[in-house]
Amino acid sequence: MANIGPSQNVLKLLVLGIVFHVIFIASVFDCYFTSPVVHGMNHHGSGRGEAKRLVLIVGDGLRADLLFTPNGFTFGESSPTVIAPHLRSIAEKRGAFGVSHTRVPTESRPGHVAIIGGMYEDVSAVTKGWKTNPVDFDSVFNQSSRTFSFGSPDILPMFAKGASPDKVLTWCYDEEAEDFTKDATTLDTWVLDQLRLLFQNASTDATLNSQLRGDKVIFFLHLLGLDTTGHAYRPFSKEYMRSIQVVDNIVDEVENLFSNFYGDQETSYVFTADHGMSKIGNHGDGDPDNTRTPLIAWGKGVRGPLPDSTPSSHDDYSEPWHLGHLLRRDVSQADLAPLMATLIGINWPSNSVGVLPDIDPTRAGYLAPLEGDEALARYSLVNVKVLLEHYLVKHELKAAHAIFYKPFDLLEDKELGVPARMQKLATIERLIEEGKWDDARRFSMELSEACLQGLRYLETYDRLLIRAIVIVAYLGWAAYTSISLLPPVDSVSASRSGVIDFGTAAVLLGFWVAFWIQHSPWTFYVYVAFPCYFWREFYSRGIPALRRCVSESSLTYRNLFAQSILVFSALQTMVVAYTHRSIWSVGFVVVGVLWPLFTWPSSLLYQNRKLVGLWCGSCIMTGVFPLLAVDQEESLPSILAGGGVMLIIGALHLYHCSQSNVDKSVRISSVVQVSSLTAGWLATEGAQMGLVAAMMLVTSSSVGGLQAKAGLPRLNQIAAWLILVSSSVYPFTSKVRHPSPTSKILSFFLAFAVCFVVLSINVEGLFYSAYACNLLLWIEIETLVRTPDTSNRNGSVADQQSSIFYRFRVDDIRIALFFSFYVQVAFFGTGNVASISSFYLEPVYRLVPIFNPFLMAALLIFKIVCPYVILSVAFATLNARLRLPPFSLFLVALTLTDGMTMMFFLNVTDTGSWLEIGQSISFFCITSLLLVWSAGICAAGEYLMRDILVDHKSSKVD
C-alpha cells in the first residue's frame with residue numbers, strides 16, 4: 001500500500017525533521033518572549049536623592065517563607081525560633097518589608113538583571129550567556145557615580161561589562177571556591193572580609209577614600225552561599241538554616257561597618273533575593289517557592305513599619321510569619337531598580353519597566369522623602385517619563401517599518417492634533433504645579449499602566465502572524481511526512497506542477513518582501529520557508545497519492561476521519577499527562593491489560609498465556625513509577641537495589657543463553673540472525689557486570705562521604721569517571737559479535753547501568769530496569785500479534801522469508817502511538833514533571849563537586865538520554881522482527897505526534913502566574929525535543945543494530 005523510498009530519502013526526511021523541530025523551538029521565543037532591549041532613550045532621574053549611598057545585599061536562592069517564618073525549621077532544640085533575628089527586627093521596628101515577585105526563568109542571571117536593570121530579559125537570554133551579556137542594557141550600577149561589588153564570578157562581570165570604564169569595580173572569588181561538597185558559607189564570609197578590607201585600605205588610599213565618600217555610590221554584596229547550600233542539601237536542611245543565620249550576621253556586620261566608617265545616617269539598605277528555591281533544592285521554573293523572594297528596605301529615605309491595612313495585606317502564605325500586625329508591601333522584581341535609583345537620586349536605567357511602589361497614592365510604598373508628598377509626585381512623574389521614553393522609541397521603530405501599522409489607541413489617539421500621551425503628561429505636570437500631589441500620582445499611575453500596556457502591545461504586535469505561520473508549518477510537516485506512507489503516483493503533469501510552483505514562489509516571495517520592509521528578524525524568513533516547501537510537496541505528490549490510496553483500498557474518508565479522531569484523542573491524553581502524571585500509569589494499564597484482554601482472540605491469549613502474563617506484570621510494574629512522588633530524598637539502599645536488579649537481569653540473561661544450544665543457521669525471523677555463544681561475548685558481558693558492581697562500591701563510598709560532609713574523595717571521583725566513561729563507550733566500540741539482538745540490547749543496557757547507579761538519587765535504577773524489560777517484552781508481544789500463527793515463529797529460513805514485501809496495516813498507527821508513549825515515559829518515569837527544576841543535583845556532586853553549570857547540565861542530559869538508547873535498539877529490532885523497512889513505523893509516528901507540539905505551542909502564555917508561564921514554556925520545549933530525539937532514536941537504533949539485523953534496505957511496502 002505504501003512505498004518507503006530509498007534510504008537516502010528516509011535520511012533526508014529525518015534530517016529535515018530534526019532541523020525543522022530544532023529551529024521551530026525558537027519560534028516560541030519570537031512569538032512570546034522577544035527581547036525588551038532597545039536603545040536611543042533619553043535618561044530621566046529625580047536629581048537630588050534621599051541618601052548619599054545605597055547598599056544592595058542579595059541572598060542568592062533565599063526563600064521568603066524560610067526567612068520570615070518562626071520555627072520554620074524543626075530540628076528539635078538545635079532549631080532557634082527566629083532564624084534571622086537581625087533582619088526580622090529591621091522589618092518589625094525600623095524598615096519596610098514585603099515579597100518581591102520574580103519572573104520565569106527563576107535563575108540568577110535574569111533575577112539580577114531585573115533587580116539592577118529594572119527589565120525582564122526574554123527567556124531565551126539565559127542560554128546566550130552565563131556570565132556575559134547577550135545584549136547591552138543599562139543598570140543602576142552604570143548610572144551611579146561608582147559601584148563597589150563583591151561576590152560570585154558568575155554574576156558580577158555581566159554588570160561590569162558594558163558599563164562606563166572604572167564605573168563598576170568587582171571583587172570575585174575563584175570559581176573553584178564554589179564547591180558543593182564544602183561549607184558554602186565561606187563564600188559569604190569572604191564577601192564580608194573583602195568589604196572590611198576595602199574600608200581598611202581607604203585609610204591609606206586618599207583616592208579610594210574620596211570615591212567611597214562621594215554621593216550616589218552603590219555597594220553590591222552578592223551572597224551565593226544560600227543557593228549553593230540549597231542545591232547541595234535542600235532548603236529545609238540544617239545547612240540551609242545555618243546559611244540563613246550566617247547571612248543575617250553578615251547584614252548586621254555590614255551595618256556596623258558602614259556606621260563606623262561613615263559616622264552618619266546617609267545610607268539606604270535593600271535586602272532581597274534573585275530567586276527562591278523549590279523544596280527539592282532547585283529553581284528555574286515558575287514554582288511559587290522559586291518566584292517569591294524576601295524584600296526588606298531600611299535606612300535613609302525609607303519609611304518605618306506601618307500597621308496592616310484594611311483589607312489585610314497578608315494571605316495564607318505570610319500568615320505563619322506572625323507579622324500580620326504590620327503592612328506587607330509586595331512589589332515586582334523590576335520595581336527595585338527605580339526604588340534604588342530614587343533613593344540615591346541617579347538616572348533611572350533607560351530600559352527599566354519597573355514601577356515605583358510609591359506611585360499609587362492609595363497604598364503606602366517604601367519611601368519617606370524629606371519633601372513629603374511633593375517629592376513622591378515628582379518621582380512618579382519621572383517614572384512616567386522613563387516608561388514613555390521606552391514606549392516612544394519602540395512605537396517609532398514599529399511605525400517606521402510595519403506595513404499597515406495600527407498604533408496603540410490609548411496613547412496615540414489624537415485630540416486637536418496632539419497624541420493622548422502628550423496630553424496626559426501635560427496634565428500631570430500641571431497638577432504638580434498646582435500642588436495637587438495625590439492627583440498627580442494617580443494620573444501618573446494611570447499613564448504608567450497605559451505605557452506598560454503599550455509596550456506589551458508593541459512587543460506582541462506580530463504574535464498572531466507568527467502563531468499562524470507556526471501552526472501551518474506543523475500541519476504542513478504532518479502532511480509532508482504522510483507522503484512517505486502513501487502509494488507512489490505517476491509523475492505530476494507539467495501544467496499542475498507549474499501552477500503549484502508558481503503559487504508557492506508567490507507566497508514565499510510575498511512574505512519575504514513584507515519581512516524585509518518591516519525589518520523582521522532573520523528567523524521569520526526561515527519560519528515561512530518550511531510550510532511553503534511542505535505544502536508544495538503535499539499538493540504535488542500527497543493529494544494524488546491520498547486519492548489513489550482511498551480508491552484502491554477499503555478505506556473511506558469517513559474511516560480516515562474516525563481514525564484521526566482516535567489519534568487526536570490519544571495525543572491529547574498524553575498532553576494532559578504532562579500535568580497529571582498518573583495518566584502515564586493508566587496508559588500502562590491500557591497497554592498491558594486492557595489491550596490484550598479485550599482486543600485479542602481468546603485462542604491467542606490462551607496459547608501464549610505465559611508471555612501475556614509477563615507482559616501484563618511488566619506494564620503494571622513499570623506503571624508504578626509515574627505514581628511515585630517527585631520529591632525524593634537521597635536513598636543509598638534504593639540506589640544499590642537498582643544496581644542489584646540490573647546485575648540480576650544480566651545474570652539471568654547469561655544463564656538463559658548458556659542453557660540454549662542454538663545453531664548458527666537458525667533465524668528467529670527473516671531479518672534477525674542468531675549465532676552460537678562465543679567466549680568473547682561471555683567475557684565482555686561479565687566485565688560489564690563487573691563495572692556495574694564496581695560503580696556500586698564507589699557510589700556507596702562517595703555518598704557516605706558527602707552525607708558526612710567530608711567532601712568527595714579524589715580517588716572516588718577519578719574512579720567514578722573512569723568507570724562511567726569506559727562502560728558507556730564500550731558497546732559503541734566493541735567488535736564482539738553477539739549471539740542475538742536481545743544480547744546486544746542487554747549489552748547497551750548494562751553499559752548505561754553505571755549511569756543509573758552514580759547519577760541516581762533514589763529509584764531511577766529500578767525504573768531503568770523495569771523500562772528495559774518492558775521494551776524487550778513489547779518486541780515479543782508485537783511480533784506475536786502481527787504473526788498469530790506461533791507454530792512457525794521459529795521455523796525455517798524459507799518459511800520466514802516468504803516475502804520481503806509488507807502491506808501497510810492499520811495497526812501500524814497503534815504501534816506508532818505506543819512508540820510515542822514510550823518516548824514520553826522514558827522522560828517522565830524517573831520522577832520528572834516536564835520542568836527544569838525537577839532534576840536533582842545531588843548525584844552530580846559524586847562526579848563534579850565544583851560548580852560547573854555546563855558539565856553538570858551535560859551529565860543530567862546524559863542520564864535522560866540513556867533510556868532512549870535502549871528504546872532505539874529495541875525499536876529497530878521490532879521494526880526488523882515485523883519485517884518492515886527501516887524507519888517505517890517511525891514515519892507513522894512522525895506524522896502523528898506533532899499534534900502534541902501544536903497544542904503546547906498554543907498553550908504557551910506570558911501572562912498569569914509564574915508557575916503557568918514556566919510550565920507552558922517547559923512543556924512545549926520538552927515535547928519538541930522529544931520528537932527530535934525520536935528521529936535520532938530510530939537512526940541510532942538502525943545503526944547500532946546493523947551487525948545483528950540482516951540487511952533489509954531493499955525491502956519495500958507493497
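I started with helix H32 (residues 811–828) and helix H33 (residues 853–881), whose axes come within 9 Å and cross at roughly 160°. Axes here are lines fitted to C-alpha atoms over the stretch in contact, with angles from 0 to 180 degrees between N-to-C directions. H32 is therefore roughly antiparallel to H33 (the term covers angles over 145 degrees). Helices are DSSP runs of H or I, at least four residues, numbered from the N terminus.

I noted that this is a predicted model, where local features need pLDDT of at least 70, side-chain atom pairs count only at pLDDT 80 or more, and totals for chains, interfaces and linings use all residues. Residues are numbered from 1 along each chain as its sequence is written, and side-chain values use heavy atoms, leaving out hydrogens and water.

Next I listed contacts (heavy atoms within 4.5 Å). From H32, Ile815, Phe819, Tyr822, Val823, Ala826 and Phe827 meet H33 residues including Tyr868, Leu871 and Phe875. I found 12 nonpolar residues in this contact, with no polar and no charged ones. Nonpolar means Ala, Val, Leu, Ile, Met, Phe, Trp, Tyr, Cys and Pro; charged means Asp, Glu, Lys and Arg; the others, Gly among them, are polar.

Then I turned to helix H30 (residues 764–786): its axis and that of H32 come within 12 Å and cross at roughly 175°. Among the H30 residues meeting H32 are Trp778, Glu782 and Arg786.

Methods. Helix = DSSP H or I, 4+ residues; strand = E, 2+ residues; numbered from the N terminus. Parallel < 35°, antiparallel > 145°, perpendicular 65-115°, else oblique.
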